[in-house]
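Reader: I would like to learn how to read a structure feature by feature. Can you take me through one?

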Amino acid sequence: MTMPAMNKAAKLLGKRSAALATRRQKRENLALALEVKKALRDWNVALNHFEHAVGPDQTEYAIYALEAAEKKYEMLLRQAKAAKLTLWDDEIGGVMEGWT
């Protein structure tokens, strides 16, 4: 293979690699956005369990579950913000509350 042909092949390969990296990043961003939304739902479920807990054992467990859900949600929000994602809330038809 001649040098110009090798350069052309390398350039084409570089473009393909960049396109693959972009698609991979989009998939990762979508997965992270879905994780954030799931974590928010889980946090709301944990809050509901806490509000309806009966007795000290259920209350203690509900507090543990609520704190864990909150920590997970906060962690994922930090990751999403670091990735500069904008998270859309379908229920309100806009950007998620508190997202700045």
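Author: We will go from the overall fold to single residues. Keep in mind that this is a predicted model.

Reader: Start with the fold. Which secondary structure elements does the protein chain have, and in what pattern?

Author: The protein chain has two helices and two strands. Along the sequence the pattern is α-α-β-β.

Reader: How many of the residues count as buried?

Author: The protein chain has 100 residues, and 18% of them count as buried. Its accessible surface is about 8100 Å². Carbon and sulfur atoms account for 59% of that surface.

Reader: What do the contacts say about sequence separation?

Author: Take the contacts between residues at least 6 apart in sequence. Of these, 44% join residues at least 24 apart. Here is one pair to look at. Lys37 and Leu76 are 39 residues apart along the chain, and their C-alpha atoms are separated by 9.4 Å. Lys37 lies in helix 1 and is partly exposed, at 26% relative accessible area.

Reader: How do I read an aromatic pair?

Author: A pair of aromatic rings is described by the distance of the centres and the angle of the planes. The count here is one aromatic pair. The ring centres of Trp43 and Tyr73 are 5.2 Å apart, and their planes meet at 40°, so this pair is tilted. Trp43 belongs to helix 1 and Tyr73 to helix 2, so the pair ties together parts that are 30 residues apart in sequence.

Reader: Are Trp43 and Tyr73 buried or partly exposed?

Author: Use the cut-off: under 20% relative accessible area means buried. Tyr73 has 8%, so Tyr73 is buried. Trp43 has 24%, so Trp43 is partly exposed.

Reader: Next, charges. How many salt bridges does a search of the whole structure find?

Author: One. Asp42 pairs with Lys38, and their closest N and O atoms are 2.8 Å apart. Both residues lie in helix 1. They are four residues apart, about one turn of the helix. Asp42 is partly exposed at 30% relative accessibility. Lys38 is partly exposed as well, at 41%.

Reader: Which residues form a nonpolar patch on the surface?

Author: Leu47, Phe50 and Ile63 form one. Together they have about 210 Å² of accessible area. Look at Phe50, which sits in helix 1 (residues 3-51). Phe50 counts as partly exposed, with 33% relative accessibility.

Reader: Where does Lys84 lie, and is Lys84 buried or exposed?

Author: Lys84 is in the loop between helix 2 and strand 1 (88-89). Its relative accessible area is 73%, so Lys84 is exposed.

Methods: Residues are numbered from 1 along each chain as its sequence is written. This is a predicted model: local features need pLDDT of at least 70, side-chain atom pairs count only at pLDDT 80 or more; totals for chains, interfaces and linings use all residues. Side-chain values use heavy atoms; hydrogens and water are left out. Buried means under 20% relative accessible area, exposed over 50%, partly exposed in between (1.4 Å probe, protein chains only). Contact means heavy atoms within 4.5 Å. Accessible areas come from the Shrake-Rupley method with a 1.4 Å probe; for residues, only the protein chains shown count as cover. Patches are made of residues with over 30% relative accessible area and no salt bridge: like charges are joined within 9 Å, nonpolar side chains (Val, Leu, Ile, Met, Phe, Trp, Tyr) within 5 Å. A salt bridge is a side-chain nitrogen of Lys or Arg within 4 Å of a carboxyl oxygen of Asp or Glu. Rings of Phe, Tyr and Trp (its six-membered ring) pair if their centres lie within 6.5 Å; planes under 30 degrees apart count as stacked, over 60 as edge-to-face and the rest as tilted.
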